[in-house]
Amino acid sequence: MADIGVFAKSARITGSPRADLQAELKDRYQAGASIRSLAREMGRSYGFVRNMLAESHVELRGRGGAHRRPT
């Protein structure tokens, strides 16, 4: 897999590099990586990664973890 952490934190990513990054994020997310782990690996925010996935028309998974039971 390509290195997804090659962009400076505040760098604007446009054009072909953006499309390449979207494809890489989409592949990793669909392979089971979480948005949070992808964001941590890139040094970007959760929102940035989520927006990149949304632009790629990825069907986002529901939230995980334990659910509270009614009391």
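Reader: What kind of model is it, and what counts?
Author: The model is predicted: local features need pLDDT of at least 70, side-chain atom pairs count only at pLDDT 80 or more, and totals for chains, interfaces and linings use all residues. Residues are numbered from 1 along each chain as its sequence is written, and side-chain values use heavy atoms, with hydrogens and water left out.

Reader: OK. How do α2 and α3 cross?
Author: Helix α2 covers residues 35-42 and helix α3 residues 46-55; their axes come within 8 Å and cross at roughly 115°. That makes α2 roughly perpendicular to α3. Angles of 65 to 115 degrees count as roughly perpendicular, under 35 as roughly parallel, over 145 as roughly antiparallel, and the rest as oblique.

Reader: What is a helix here, and what is an axis?
Author: A helix is a DSSP run of H or I with at least four residues, numbered from the N terminus. An axis is a line fitted to C-alpha atoms over the stretch in contact, and angles run from 0 to 180 degrees between N-to-C directions.

Reader: Which residues meet between α2 and α3?
Author: I35, R36, L38, A39 and M42 of α2 meet Y46, F48, V49, R50 and L53 of α3, where contact means heavy atoms within 4.5 Å. By class, this contact has eight nonpolar, no polar and two charged residues. Ala, Val, Leu, Ile, Met, Phe, Trp, Tyr, Cys and Pro count as nonpolar, Asp, Glu, Lys and Arg as charged, and the others, Gly among them, as polar.

Reader: And α1, at what angle does it cross α3?
Author: Helix α1, residues 15-30, crosses α3 at roughly 95°, and their axes come within 9 Å. That makes α1 roughly perpendicular to α3.

Reader: What about α1 and α2, at what angle do they cross?
Author: Roughly 135°, with axes that come within 10 Å. The pair is therefore oblique. L21, L25, R28 and Y29 of α1 make the contact with I35, L38, E41 and M42 of α2.

Reader: New topic. What is the volume of the largest pocket?
Author: About 300 Å³. A pocket is an open set of points on a 1 Å grid over the protein atoms alone, where a 1.4 Å probe fits, with protein on both sides within 12 Å along at least five of seven lines. Its volume is the space filled by probe spheres set on the points, which are joined across faces, edges and corners.

Reader: Which residues line the largest pocket?
Author: Y29, S34, I35, R36, Y46, L60, R61, G62, R63 and G64; lining residues have an atom within 4 Å of a point. They divide into four nonpolar, three polar and three charged.

How values were computed: Helix = DSSP H or I, 4+ residues; strand = E, 2+ residues; numbered from the N terminus.
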